[in-house]
Amino acid sequence: MSKSQYLLLFRDTNWHRELSLNEIQEIMSRTNAWFEGLSQQGIMKAGQPLDGVGAEVSYQSGSVVDGPFTETKESVGGYILIEAASLEEAVAIARQNPMVPCGLKVEVRPVAEDCPASRLAKQKLFTVGA
Amino acid sequence: MKGEQVTAPAAGEIPRITEKLFRHEAGKLVSMLTGIFGITRLQLAEDVVQDAMIRALQTWPYTGVPDNPSAWLMQTAKNRALDVIRREKFFHDKQPEIITSLEQWVPEEADPKFDDEIKDDRLRLIFACCHPLLPQDAQTALALKTLCGFSPGEIASAFLSTEVAVAKRLTRARQKIAELGIPFEIPAGQALTERLDGVMRVIYFLFNEGYSASTGDSVVREDLCFEAIRLASLLVAHPVADRPKLHALLALMFMNGARLSAREDRQGNILRLKDQDRSLWDKSMIGHGLLHLASAAQGGELSEFHLQAGIAACHCIAESDETTDWKRILGYYDQWSAISGSPVVTLNRAVALARVHGPEAGMGALETVLEKGELDSYYLLHAVMGDLEERLNHPKAAEDHFEKAIQLTGVKSEQAFLAKRLKDCRG
């Protein structure tokens, strides 16, 4: 069975709020080991923590503005790209993240096979090249 | 997080490096940021500091520990704080001011002026937490959480309370600080005296949790004891806090702290006072303790701290267990139990009483405690009773108590020690 790609988005950056430093250390070292395991098994293809909350651009009352922002705790703190046979398998992997029992939320999203925008870009490139 | 960057310092090494660093830096950073944001945003300060530490735990295993880890943490917390504040709408009025203070904030470890400011911030934070409009338990819990990075679970075990209760107490305390607009400052005059007691109670709790840890592998968590001594030393250097009672607290912490390293052998087994190698006791700390005891004696006040310092001094100056002045120690316990009324003090007094007048007298002193049933689930009650019953030649009763004590303690080395006592009993 062919594998598909899934993006795991880690949300709720306040999962650590009611934990002691020792507890945080313990969970973080298990999390690091989990990432390393996924990487060694070839399941994880890419991943990064995200810095801060950055900026958000939206359209409000007729003009482009910075914001409105989502709640800090809803912001994405990091992501990984994995390969799995099915959504169920991807969800099963996401559930194993040691930070989940502490309140971390993981959004699991299948990566679409074909992106119309990038197909268009490729076509243009091809046209220019030709 | 990055999969391909798996060139790390030994995996086990990071927690060892970060544990002490974090405990030390957390309070420093939270208090400094609170100085900038205002005390109403205490939770924000706590959040960004924890974020910085998590970022360290995420990246240091791969990048290695930076040359100046403290400065790295400060910088990361600062960036995170700037990011959060810039996007907060309701924060608008003070926002430019706060952003300027944060941006001008140069984390330079070597700058002594900067370090002085931190010290004051930290004291200001303890004083804010100990505001008399907050319930006493909430004061201590909040200070332990914000300054020392304790979890509600750890605080609960220090208070003999539950985790849920402590978490609620913390939330209510933060809300109350915001509602009442409690200032972030060291108060003056009578207000200072009122709050100083709360501040000292926090430091005393911290020391006690380190001196007899309620969870974990080891009975001693030295870092907490040293943190308590450090905070009290900061405090006593402040002219307004230079009081006999604070010196008494310092004296008791120095003299009990001096004996920490001798309380366990190399294998981590607990050693009783009479089995300890007294040459391992820290003479310089004993010296500091005696000096503070002398300062504590100025003025007419006789606090619980004074009596505990007196007891610690009797142990520290004795050359052996046999030559220890137990009569004098018992005298201090008599006075202490008269002021305190705590069953734990009664229990300790019973130990001293047994040394002076024999195990039967010790058991007799425990009768009221047993009747009230207050310490039924406290392992030390059963450990002490096991010891007394054994000396009274009641091995069966002793066994029962040691077994009970083993069930009740959460500390591994304590369990091992009691298991050995139990085995000796069964002979």
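**Helix pair in chain B.** I started with the handedness: α6(B) passes α9(B) in a right-handed crossing, meaning the near helix is turned clockwise from the far one by less than a right angle. Helices here are DSSP runs of H or I with at least four residues, numbered from the N terminus.

Housekeeping: I am working on a predicted model, where local features need pLDDT of at least 70, side-chain atom pairs count only at pLDDT 80 or more, and totals for chains, interfaces and linings use all residues. Residues are numbered from 1 along each chain as written, with chains lettered from A and ligands numbered from 1 in written order.

I looked up the contact next (C-beta atoms, placed from the backbone, within 7 Å). From α6(B) I noted B:Gln136, B:Gln139, B:Thr140, B:Ala143, B:Leu144 and B:Cys148, and from α9(B) B:Gly198, B:Arg201, B:Val202, B:Phe205 and B:Leu206. My tally of that contact reads six nonpolar, four polar and one charged; Ala, Val, Leu, Ile, Met, Phe, Trp, Tyr, Cys and Pro count as nonpolar, Asp, Glu, Lys and Arg as charged, and the others, Gly among them, as polar.

**B:Tyr211.** I found this residue in α9 of chain B, residues 189–211. B:Tyr211 counts as buried because it has 20 C-beta neighbours inside 10 Å, and the cut-off for buried is 20 or more. I also checked B:Cys314, 103 residues away along the chain: its C-alpha atom is 18 Å from that of B:Tyr211.

**Chain A side.** I see 30 residues of chain B in contact with 28 residues of chain A. α2(B) gives the most to this side of chain B, with nine residues.

Definitions and conventions: Two residues are in contact if their C-beta atoms, placed from the backbone, lie within 7 Å. Helices (H or I, at least four residues) and strands (E, at least two) are DSSP runs, numbered from the N terminus. A residue is buried if 20 or more other C-beta atoms lie within 10 Å of its own, exposed if 12 or fewer, and partly exposed in between; C-beta atoms are placed from the backbone.
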